[in-house]
Structures are given as structure tokens and as C-alpha cells.
Amino acid sequence: MPDIRTILDADEKVAHLESIGPPDFEVTLPSAVELPGILLDLAVPHEDIDTLVALRPESADLRWLLDRCTHSLVRRMGELEGPPVFPELPDSAGPLRRYFPIYVFLAVLPHVQEFHRSHGISEEVSRRTLRDLGRYMAVYRQRFGVGGFDVVPWLMNHFRGTLYDLGRLQFERSTLDTRTGNAVTAAGLPYGPGDPALGVHIPEFSGPLSPAACDAAFARVPAFFATHFPAEKYAVATCHSWLLDEQLAEYLAAESNIIRFQRRFRQAYQPADDDSDTMLFVFGRTDADLDQLPRDTRLQRAIIDHQKSGRHWRIGSGWLDL
């Protein structure tokens, strides 16, 4: 493979890696013997284990990229503002292009585990949080039919200590954005843009979004963040998701899990039309012919019929007082 810095020398992501310099710690990957067990602990699909062992990066170019990407993420450990996303390998890298970010997360793994330990976070929460790596590899294979990974910005939250799995829901240390913060202020709360807030996320492949499961997750929030991040006072939670599109109430039963989840939140603002997230999470793709999609569930039929009528879905934005 040609020198990576030459191929991508105009890329601002590579410029960032050049600017931060080499790490002041040794960047290591698990050995070929250790790697399968660690991957399984991270819920990596069994189909990907042998490939990840075989593609383990060894060349000087790849080690330069691995070292600098690892350094970029570790130096922001615990911080809410993350570094730039890692540069992508060229197509000439073959399957490694799809798998390379996983090696960065493997190199970061001991550092985020130490961050968790230093904040008193239990091994259970640490393990469940970091196993999202395997979850999104399973999502990738389901959507594209091959192994790989394509949600690097999202997993950077997990691997720098800003997001935690507390059951059916995940909670991200963050701040109120301008529009949501203004909505909170307008509601009479003493908070606004830039103030601490927890982002609520709904992971896939995690069972029904039942009220009981969500109640249990929210019940863990006050003690968890007060104990492990006592300097950060979280009184508001936000959620930005296709699940909060109020138009869903036209099609789903009032006591359905999705509508009951919606009712937890107050709408922050009216979002713009955007079918992509709804299509992606319901059907696994955004470019499908509506007439070729399955109509097996009430939700699937609603998503299709709504668009065939000339209307569009939206990513809802809501907040709640913790």
C-alpha cells in the first residue's frame, strides 16, 4: 500500500493526526492468540473473528495510522468534545478499509477501561457499554451482507467515556444545544444552551422498548451520574430520534411502546422533513423502492403508506426534566 499520508495528505483528518504528534504511551494490540477472546467479550459476531485476526495491521504505514488515531482518542478521554473522526483507508486496502476502525478501538480499550475504573464504574456497566462495538458490527452485516463497521463517530463516545449503557437505554454526557436549550428555558427551567444534559439513546437488538424497561433505565440515572461524575449536575435529558416523530401517533396505538416512549418527552422544536433515519432503522436501508419493502408489521405499513401518500417522516427532538 502506498504511504497513507501521501494518499490523504490533503485530508484535514490526517492533518490533525500529523499535528498531535506521536503518543507518549505505547500503542498495543492484543496478540493473535489473545484477540479472539477479547473480540468475543466485545460481542463481535463470530463470523468476523477469523478475519480480524488475519487482518491485524502490521505494516509501518498502518502502525503510524493506528498510533495516531489511538492517540487522538485517548488524549480526549473523558472530554465531552471529541476529536475528528479517523481517516478512511483507500479502496486499495480491500476489506481492511471496513475493519480498520475496530483495531483503533481495540488499542483504546485498556485506556477507556482504566478511565471507567478510575471513576468507580462497575465492570458490568463497562462491559455492556463497550459491547456496542459488536452490536454495530452485527448491524453492519445485516445491512450490507459483509463484515465491517461504519459508525466510528458514534463509538468514539463509548470509547472515550462519555456514554453509558444503563439497561434498555444509553445515556451520553453532553450539553444542551441551542434550539433544545432555548426550549428548556422557555418552559421555565433554569437551564439553557450549553448547560449539562444527558442524551438518551435507544440501542438496536435490545428487546422491546417497554415502559418497564425504560423506567428501570431512567431509575439508575440519578445515582449513577451523581456517584461517578459528581461535578456534573444533570437535571435535563434530551432525545433526538425518529421514534419521537409525533406523526407516528397517527398510525400506532396509544398504548404502543413507541408512543408511550414519546410521551416521556416534551417536543423541543419542529424538525425538518427527513425520511432517511426512519427508513434506515425500520428497514435497514434508505434507498429502497417502497413497493419492494416488507409490510409485515403495523409500523412497516405505516412508514410505507405515509411516504406513498406524499408525506415525509422527521427526526423528533424532545427533552424531559430528570
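The model is predicted: local features need pLDDT of at least 70, side-chain atom pairs count only at pLDDT 80 or more, and totals for chains, interfaces and linings use all residues. Residues are numbered from 1 along each chain as its sequence is written, and side-chain values use heavy atoms, with hydrogens and water left out. Helices (H or I, at least four residues) and strands (E, at least two) are DSSP runs, numbered from the N terminus.

**Nonpolar cores**
- A nonpolar core is a set of buried Ala, Val, Leu, Ile, Met, Phe, Trp, Tyr and Cys residues joined through side-chain atoms within 4.5 Å.
- Buried means under 20% relative accessible area, exposed over 50%, and partly exposed in between (1.4 Å probe, protein chains only).
- The largest core has 85 residues, and Phe 105, Phe 159 and Phe 225 touch the most other members.
- Helix H6 (residues 96–118) supplies the largest share of this core, 13 residues.
- A second, separate core has 10 residues, including Ala 183, Val 184, Leu 189 and Tyr 269.
- Beyond four places in sequence, Phe 105 touches residues that include Leu 73, Phe 86, Leu 133 and Phe 159; contact means heavy atoms within 4.5 Å.

**Aromatic pairs**
- There are 13 aromatic pairs. Rings of Phe, Tyr and Trp (its six-membered ring) pair if their centres lie within 6.5 Å; planes under 30 degrees apart count as stacked, over 60 as edge-to-face and the rest as tilted.
- Phe 105 and Phe 149 are edge-to-face, because their ring centres are 5.9 Å apart and their planes are at 75 degrees.
- Phe 105 is in helix H6 and Phe 149 in the loop between H8 and helix H9 (152–158), so the pair ties together parts 44 residues apart in sequence.
- Both Phe 105 and Phe 149 are buried.
- Tyr 140 and Phe 144 form a tilted pair, with centres 4.7 Å apart and planes at 50 degrees.

**Charges over rings**
- A charge sits over a ring if NZ of Lys or CZ of Arg is within 6 Å of the ring centre and within 35 degrees of the ring normal.
- Arg 179 places its charged end over Tyr 269, 3.7 Å from the ring centre.
- Arg 143 lies over the face of Phe 281, at 5.6 Å from the ring centre.

**Buried aspartate**
- Asp 132 lies in helix H8 (residues 132–144) and is buried, at 0% relative accessibility.

**Positive phi**
- Ala 43 has a phi near 65 degrees and is partly exposed at 26%.
- Phe 205 has a phi of about 55 degrees and is partly exposed at 49%.
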